[in-house]
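Here is a short briefing to read with the model open beside you.

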Amino acid sequence: MAILVTGGAGYIGGTVARSFLSRGEEVVVLDDFSKSLPASVPEGCAFYEGRSDNGELIAKIAKEHEISACLHFAAFIEAGESVKDPYKYFYNNTASSLGLFHALMDAGVKKIVFSSTAAVYGEPKYTPIDEEHPKNPTNPYGLSKLFTEKILETFSASYGIRYAALRYFNACGSDGTGNGEDHHPETHLIPLVLQTAQGIRKQIFIFGDDYPTPDGTCVRDYIHVSDLASAHLAAYDYLMSGSPSVSLNLGNGSGFSVKEVIETARKITGHPIPAETVQRRPGDPSVLVASSEKAGKILGWKPERRSLDEMVASAWEWHKNNPNGYGA
Ligand code: UFG
């Protein structure tokens, strides 16, 4: 049996694919390189280049491998960009997922682990956010993922597919096997801060310091990518054992502000990291901190790497050794 991983050349998909490979599983990666580079395809997987909504390609993959489940990562992930260009997000995240799910069902694949996001919740009514929290995304990115969750919920009831929707908070760090965070273009806080430490960027811009948070900057729950990977192994096993569909938060339960991240990076890297406050980025909720109690109960999962120091140090290790990311 093989596991199909869409977006498996990406940061989280690639890390998860490597975890399955090192457990001895057969992994098939499907990626169109719209946001990644061929160099980041995990070694040891079967690879297909293409879009995840390409029905003919999915049928071909299912003919050539016996697919037990699909782990669906392929998506655009920039909240700020989604406000400027919502069509891109509804098309690439929601419509493409619909196409993929249809093709999977045609091929008899009925188990799906879906990469969802904390962005489905929007501005928190209470913290930490549990799975029952109201879902009112503040940006089209979050909406595009929420719509996809709704499709899965409906298909689960009507067609008998089973899924685990995993709502990641802010993924970070590297898995220590040469895989790290490298987006094109880069928009995420920790890589940008570390690129500033390296002198690749002159300064880091703080997007707003007038939020209702202790230091005025946005607070996020940073979760180490290796902890996300262990949750995916557990979610896959959960579905394979016949358990019902489920939606779960994956976070570490602590919130860190943008200023705390920059300060920690100064300490870890020993570089000054100049920072300048500019206006808010549209679509950013002020605070996103998870309760992952449900994932603990259902999957027996708990994050192991919880201090900001540890997460930034792990990201720094990769950035130091890969100043050009997966590029030349
Ligand atoms: N930020 C800055 N300056 C920058 C980049 C980011 O101040 O140059 C701030 C943002 O405004 C935000 C925080 O740093 O407050 C984190 O921003 P990121 O872009 O790193 O991450 P997001 O919180 O916007 O989104 C990420 C993922 C989403 C996921 C979400 C869940 O990109 O896929 O975390 O919390 F849904």
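Does Ser230 count as buried, partly exposed or exposed? At 29% relative accessibility, Ser230 falls in the partly exposed class, because that class covers the range between 20% and 50%. Please keep in mind that this is a predicted model. The chain is divided into two parts, domain 1 (2–172 + 222–250) and domain 2 (189–220 + 253–321), and the ligand lies between them.

**Ser230 and its surroundings**

- Ser230 belongs to helix 7, which covers residues 225–240.
- The side chain of Ser230 reaches the backbone oxygen of Asp227, at a distance of 2.9 Å.
- Trp301 is 71 residues from Ser230 along the chain, yet the C-alpha atoms of the two are separated by 7.6 Å.

**The ligand and its shell**

- The ligand is surrounded by 22 residues, and the closest are Thr117, Asn170, His188, Phe205 and Asp284.
- By residue class, the shell around the ligand divides into 15 nonpolar, four polar and three charged residues.
- His188 places a polar side-chain atom 2.6 Å from an oxygen atom of the ligand.
- Phe205 takes part through its backbone: an N or O atom there lies 2.7 Å from a nitrogen atom of the ligand.
- Ile77 also uses a backbone N or O atom, which lies 3.2 Å from an oxygen atom of the ligand.
- Taken alone, the ligand exposes 690 Å², and the protein buries 93% of that.
- Two elements give two or more residues to the shell, namely helix 6 (189–197) and strand 8 (204–207).
- Strand 8 gives the most to the shell, with four residues.

- Why is the ligand said to lie between domain 1 and domain 2? Both domains give residues to the shell around the ligand, so it lies between them.
- The centres of domain 1 and domain 2, taken over C-alpha atoms, are separated by 23 Å.
- The contact between these domains takes 31 residues from domain 1 and 29 residues from domain 2.

- Ser116 lies in strand 5, which runs over residues 111–117.
- Ser116 has a relative accessible area of 2% and is therefore buried, the cut-off for that class being under 20%.
- Setting aside residues up to four places away in sequence, Ser116 touches Lys145, Glu149, Leu166, Arg167 and Tyr168.
- Leu98 sits in helix 4, made of residues 86–106.
- Leu98 is partly exposed, with a relative accessible area of 39%.
- Beyond its neighbours within four places in sequence, Leu98 is in contact with Ile151 and Phe155.

**The loop between strand 5 and helix 5**

- Pro128 lies in the loop between strand 5 and helix 5 (140–159).
- The peptide bond leading from Thr127 to Pro128 is cis, and its omega is near -5°.
- Pro124 is found in the loop between strand 5 and helix 5 as well.
- Pro124 touches Ile129, His133 and Val287, with residues up to four places away in sequence not counted.
- From Pro124 to Gly142 the separation is 18 residues in sequence and 13 Å in space, C-alpha to C-alpha.

- Which loop holds Phe33? Phe33 has its place in the loop between strand 2 (26–31) and strand 3 (46–49).
- Phe33 has a phi near 60°, a positive value in a residue other than glycine.
- With 18% relative accessibility, Phe33 counts as buried.
- Ile273 also has a positive phi, of about 50°, although it is not a glycine.
- The loop between helix 8 (258–269) and strand 13 (275–278) is where Ile273 is found.
- Ile273 counts as buried, at 1% relative accessibility.

Key: Residues are numbered from 1 along each chain as its sequence is written. This is a predicted model: local features need pLDDT of at least 70, side-chain atom pairs count only at pLDDT 80 or more; totals for chains, interfaces and linings use all residues. Side-chain values use heavy atoms; hydrogens and water are left out. Buried means under 20% relative accessible area, exposed over 50%, partly exposed in between (1.4 Å probe, protein chains only). Contact means heavy atoms within 4.5 Å. A residue is near a molecule or strand if one of its heavy atoms lies within 4 Å of it. A polar contact is a pair of N or O atoms within 3.5 Å; within protein, one must be able to donate a hydrogen and the other to accept it, and residues adjacent in sequence count only if both atoms are side-chain atoms. Accessible areas come from the Shrake-Rupley method with a 1.4 Å probe; for residues, only the protein chains shown count as cover. Ala, Val, Leu, Ile, Met, Phe, Trp, Tyr, Cys and Pro count as nonpolar, Asp, Glu, Lys and Arg as charged, and the others, Gly among them, as polar. Domain bounds come from an automatic or database domain assignment.
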